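I opened the model today and kept notes on what I looked up. The entries follow in the order I made them.

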Amino acid sequence: MCKCSKISPLKMSLAVLLALWIGLLLALPVSAGEAASFQLEQTILSQGSACIVEYTEASGSAWVGVYPRGQVSDDSLLLRQDLDQEEGFCNIPMNLSAGEYTMVFYANGRTQSEAVDFEVTSQDFYGSAREFAEGTGGTFTFPENSEADPSGADSWIGIYPMGVMPENSESLVWGYLPAGSGTVATDSLTSGAMRFEELPAGNYTAYYFPSADPSAPAGSFDFAVTRPEGPIYYVRAADAQPGTAAGQIIFNTEDNDFGRYYWLYWGNDEGILKDHTPLGKVDLRKTDRCTLPGNLETPEGADRVYVFAGTADEADRNTEPFVLSMPEGIRGKEEPLRASFTVITDTHVTDEASHVYNKQYKSVLRDIKQNMKEAGVILNLGDVTNNGREKEYQQLNKLMDLYGRSLPDMYYIMGNHDYALNKFDPSQQQELFLEYTGMPDIYYSFESQGYTFICLSSEGRPKGTELNTVEAYLSEDQLEWLKEELEEAAGKNLGQPIFVFLHQPLEDTVALSEDASIIPNDQLREILDQYSQVVFFSGHTHCPMDAPGAVYDGMGNGASMVHAGCTSQLWDMEKDTYADIDSVDSQGCLIEVYDSYIRIRGRNFTSQEWMGSAGYILYTNR
């Protein structure tokens with residue numbers, strides 16, 4: 001006889017419902033999640049080439065499939081590639097005939113997450129896409145031309161409105177090509193009336209010319225520039241790195257009635273971010289867009305941009321703003337903070353206690369004390385004093401006495417002004433610098449928070465010469481010492497950043513570095529570029545931290561460079577002169593170090609705000 005416990009009708013009903021609910025869940029397709037995404041590096045490929053796919057949020061069973069365009073089914077699957085990582089890049093060989101195809105991303109292995117149409121071409125001249133969003137760019141692939149000048153000086157690409165013949169009209173965008181076959185970025189075509197990213201919405205034809213003759217193109221490629229919907233829209237740069245907001249915010253002035261000045265602020269659903277300066281200002285008489293440079297990162301907590309009308313001097317925040325939602329992926333993925341430090345430069349302390357430079361420096365020290373408490377050390381990158389006089393160093397120490405006990409250790413570097421504009425004997429200036437700053441030497445290194453800091457210095461002038469300039473002179477002895485320091489640092493902390501500091505920038509790196517200001521520039525650059533994890537900080541130019549080119553990204557192929565602002569008197573980039581001394585902002589930066597990147601947070605010490613236009617991310621462990 002079987003003994004069974006009784007089950008109440010209520011429990012029986014609940015059990016049946018639970019079974020039905022579980023069955024329903026098992027029958028439903030599994031969602032890959034909203035964050036799952038993928039994109040193709042380019043949507044037009046040559047026959048036999050590989051397709052580069054970037055993807056995120058993939059499960060262990062994720063894969064991509066290729067089908068004839070619009071025919072996504074098991075029977076029409078042409079190619080399958082499994083993905084073995086949660087995110088990353090994948091090279092997929094494309095042994096397909098010329099034609100149109102669709103690639104589908106199955107993030108969880110079963111259900112379609114996203115799909116992208118692409119084209120395989122048999123042509124040897126083509127662009128990376130048939131459509132470019134207004135404000136973005138891409139690449140053109142061009143063939144080898146045996147008839148062209150071996151230097152490549154005769155071959156070029158010209159872009160015209162569709163239907164306009166090259167022999168009858170000037171190109172809108174054009175540029176010469178390097179010798180041989182290859183790929184050229186659209187932003188390298190710089191000889192036309194406008195840049196590729198400035199092309200308005202419309203249809204265009206790009207022509208490839210193997211010689212200077214505009215009547216004999218050897219290839220053509222039709223494409224469109226499209227405009228997103230809305231009066232103001234954001235277009236991400238085609239080559240934007242993950243975690244950056246690189247791109248353009250564009251005003252559709254053709255279809256909308258705007259005023260003249262507009263101010264942009266980072267914000268969220270609670271309003272604009274507190275303690276942040278504007279992202280930018282747009283004068284619609286001069287341009288219809290605000291360019292967000294490469295490496296610019298969205299501040300923490302921001303997911304939109306507020307756009308206010310205003311005047312040339314300020315936003316009218318009593319008016320109703322336009323709110324522009326921003327996409328995900330424009331801030332770096334959060335990692336544990338490993339270290340942090342502050343960088344300032346060009347303090348120009350004078351012997352006059354009430355001088356504006358001294359007042360600025362006092363405000364800088366007070367702000368660092370209050371708002372950069374996590375900083376482990378402070379680096380002052382030179383032009384510490386205005387003329388290198390002893391009375392100026394005495395005034396420096398008086399200012400430091402106000403806050404020195406409550407600040408992190410300060411490390412100094414000599415700038416050209418610390419050599420008294422090179423009017424005096426360099427050795428005398430070095431003695432004054434060492435006496436009053438307490439540094440171990442004019443160039444030296446130290447360890448902080450597990451990282452290596454290398455401080456270089458101009459030596460004034462080569463021994464035995466009469467050369468006296470504002471350039472930094474580094475002797476062979478200093479360069480050999482630098483090589484040894486870099487080798488040792490790279491061996492101690494594999495793959496992690498090495499921080500190098502000098503007053504002057506390397507030529508053609510950061511903003512306003514067009515002219516060489518280091519002797520020997522090329523030799524120093526060659527030494528630093530052997531270590532892609534090097535981040536080189538400089539000052540000297542006085543340009544703002546949000547100036548175009550404030551950050552130079554080595555992209556894993558060499559050292560990266562950062563301009564650290566100026567605390568005394570900024571350079572006015574529009575007027576090409578020093579800004580008004582009585583109204584100038586004082587700027588510097590807080591550096592936060594993570595495992596795979598560093599975060600550069602521009603600071604306006606005068607307003608005591610983080611700079612919404614100068615928050616950058618640099619990947620240092622690629």
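**Entry 1: two helices**

I looked up helix H5 (residues 476–492) and helix H6 (residues 521–528), whose axes come within 10 Å and cross at roughly 10°. Angles under 35 degrees count as roughly parallel, so H5 is roughly parallel to H6. I note that the model is a predicted one.

I then listed the residues in contact. Glu476, Leu479, Leu482, Lys483 and Leu486 of H5 meet Gln523, Leu524, Ile527 and Leu528 of H6. Sorted by class, this contact has six nonpolar, one polar and two charged residues.

**Entry 2: the six-stranded sheet**

I traced an open sheet of six strands in the order S27-S26-S25-S38-S39-S40, and its pairing is mixed. Which strands stand at the edges? They are strand S27 (409–412) and strand S40 (609–619). Each has a single partner strand, so one side of each is left without a neighbour in the sheet. On average, neighbouring strands of this sheet are turned by 20° against each other, direction ignored.

Strand S25 (residues 339–344) and strand S38 (residues 587–593) are joined by five bridges in the antiparallel sense. For Ser340, I found the bridge partner in S38 to be Glu592.

I also looked for a helix on this sheet. Helix H2 (residues 356–371) lies across S25, strand S26 (377–380), S27, strand S39 (597–604) and S40. H2 runs at about 170° to S25.

**Entry 3: the three-stranded sheet**

I found an open sheet of three strands, ordered S9-S11-S14, with antiparallel pairing. Its edge strands are strand S9 (126–127) and strand S14 (182–185), and each pairs on one side only.

S9 and strand S11 (residues 139–142) run antiparallel and are joined by two bridges. Within S11, Phe140 is the residue that stands opposite Gly127. Phe140 came up again when I turned to the rings, as a member of an aromatic cluster.

**Entry 4: aromatic rings**

I looked up the aromatic pairs, and the count comes to 41. One of them is Tyr101 with Phe118, which is stacked, at 5.7 Å centre to centre with 25° between the planes. Tyr101 lies in strand S7 (residues 99–106) and Phe118 in strand S8 (residues 114–121), so the pair ties together parts that are 17 residues apart in sequence. Are these two residues buried or exposed? Tyr101 and Phe118 are both buried.

I took Phe221 and Phe223 next. Their ring centres are 6.3 Å apart and their planes are at 20°, so I recorded this pair as stacked. Phe221 has a relative accessible area of 3%, and Phe223 has 2% relative accessibility. Buried means under 20%, so Phe221 is buried and Phe223 also counts as buried.

**Entry 5: one serine**

Last, I looked up Ser448, which lies in strand S28 (residues 444–448). Its relative accessible area is 10%, so Ser448 is buried. Which residues does Ser448 contact, leaving aside its neighbours within four places in sequence? I found Val377 and Phe453 in contact with Ser448.

Note on methods
Residues numbered from 1 in each chain as written. Predicted model: local features only at pLDDT ≥ 70, side-chain atom pairs only at ≥ 80, totals over all residues. Heavy atoms only, no water. Helix = DSSP H or I, 4+ residues; strand = E, 2+ residues; numbered from the N terminus. Buried < 20%, exposed > 50% of the residue type's maximum accessible area, 1.4 Å probe, protein only. Contact = heavy atoms within 4.5 Å. Pairing = 2+ DSSP bridges. Axes fitted to C-alpha atoms, helices over the stretch in contact; angles between N-to-C directions. Parallel < 35°, antiparallel > 145°, perpendicular 65-115°, else oblique. Nonpolar A, V, L, I, M, F, W, Y, C, P; charged D, E, K, R; others polar. Phe/Tyr/Trp six-rings, centres within 6.5 Å; stacked < 30°, edge-to-face > 60°.
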